[in-house]
Amino acid sequence: MDREKEYLTNYSMIKVEQLLHSNQFLRVHKSFIINLRKVVKADNESIFLTNGKEIPLSETYRKQFMNLMKPK
């Protein structure tokens with residue numbers, strides 16, 4: 001089973017957010033929800049995933065993402 005896929009859906013992003021486990025997935029851009037377990041590194045503008053993809057990090061979602069990624 002290929003777990004490194006992109007999915008297209010007719011659902012709104014809000015609906016997809018509601019369907020996914022909120023402790024594992026996070027919206028980081030108007031067009032992207034990511035699996036937090038796949039994050040390799042991030043900066044103020046991009047998130048890099050284990051599959052080599054670079055995902056834009058929107059200013060709207062940056063603070064929440066950065067707070068989740070802080071070492072505890």
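Guide: The model is a predicted one. Buried residues account for 25% of the 72 residues in the protein.

Visitor: What radius of gyration does the protein have, and what would a compact globule with 72 residues have?

Guide: The protein has a radius of gyration of 12 Å. A compact globule with 72 residues would have one near 11 Å, so the two agree. Along the principal axes, the C-alpha atoms fill a box of roughly 30 × 25 × 20 Å. Among contacts with a separation of 6 or more, 28% join residues 24 or more positions apart.

Visitor: In what order do the elements of the protein run from the N terminus on?

Guide: The order is α-β-β-β-β-β-α, with two helices and five strands.

Visitor: How should I read the pairing of strands, and which strand pairs with E1?

Guide: Strands of a sheet pair through backbone hydrogen bonds, and the pairing is either parallel or antiparallel. Here, E1 and strand E2 (residues 32-35) are antiparallel and share four bridges. Two residues lie between E1 and E2, and the two strands form a hairpin.

Visitor: Which residue in E2 is the bridge partner of His29?

Guide: That partner is Phe32. His29 itself belongs to strand E1, which spans residues 25-29.

Visitor: Is His29 buried or exposed?

Guide: The cut-off needed for this step is that a residue is buried under 20% relative accessible area. His29 has 18% relative accessibility and therefore counts as buried. Leaving aside residues up to four places away in sequence, His29 touches Met13, Pro56, Ser58 and Tyr61. As for the strand, four of the five residues of E1 are buried, so E1 is largely enclosed by the rest of the structure.

Visitor: What is the order of the strands in the open sheet?

Guide: The open sheet has three strands, ordered E3-E4-E5, and their pairing is antiparallel. Strand E3 (39-42) and strand E5 (54-56) are the edge strands, each pairing on one side only. On average, neighbouring strands of this sheet are turned by 30° against each other, with direction ignored.

Visitor: How many bridges join E3 to strand E4?

Guide: Three bridges join E3 to E4, the latter covering residues 46-49, and the two run antiparallel. Within E4, Phe48 is the bridge partner of Lys41.

Visitor: Which residues does Glu54 touch?

Guide: Glu54 lies in strand E5. Not counting residues up to four places away in sequence, Glu54 touches Ser46, Ile47 and Phe48. The side chains of Glu54 and Ser46 are joined by a polar contact of 2.7 Å. The C-alpha atoms of Glu54 and Val39 are separated by 9.9 Å, and these residues are 15 residues apart along the chain.

Visitor: Which residues make up the largest nonpolar core?

Guide: In soluble globular proteins, nonpolar side chains tend to be buried together. In this model, the largest nonpolar core has 10 residues in all: Leu26, Val28, Ile34, Leu36, Val39, Ile47, Leu49, Ile55, Leu57 and Phe65. E1 and E4 are the elements that give two or more residues to this core.

Visitor: Which residues does Val28 touch?

Guide: With residues up to four places away in sequence not counted, Val28 touches Ile34, Ile47, Ile55, Pro56, Leu57, Ser58, Tyr61 and Phe65.

Technical notes
Residues numbered from 1 in each chain as written. Predicted model: local features only at pLDDT ≥ 70, side-chain atom pairs only at ≥ 80, totals over all residues. Heavy atoms only, no water. Buried < 20%, exposed > 50% of the residue type's maximum accessible area, 1.4 Å probe, protein only. Contact = heavy atoms within 4.5 Å. Pairing = 2+ DSSP bridges. Axes fitted to C-alpha atoms, helices over the stretch in contact; angles between N-to-C directions. Polar contact = N/O pair within 3.5 Å; in protein donor to acceptor, adjacent residues only side chain to side chain. Core = buried A, V, L, I, M, F, W, Y, C linked by side-chain atoms within 4.5 Å. Rg over C-alpha atoms; globule rule 2.2 N^0.38 Å.
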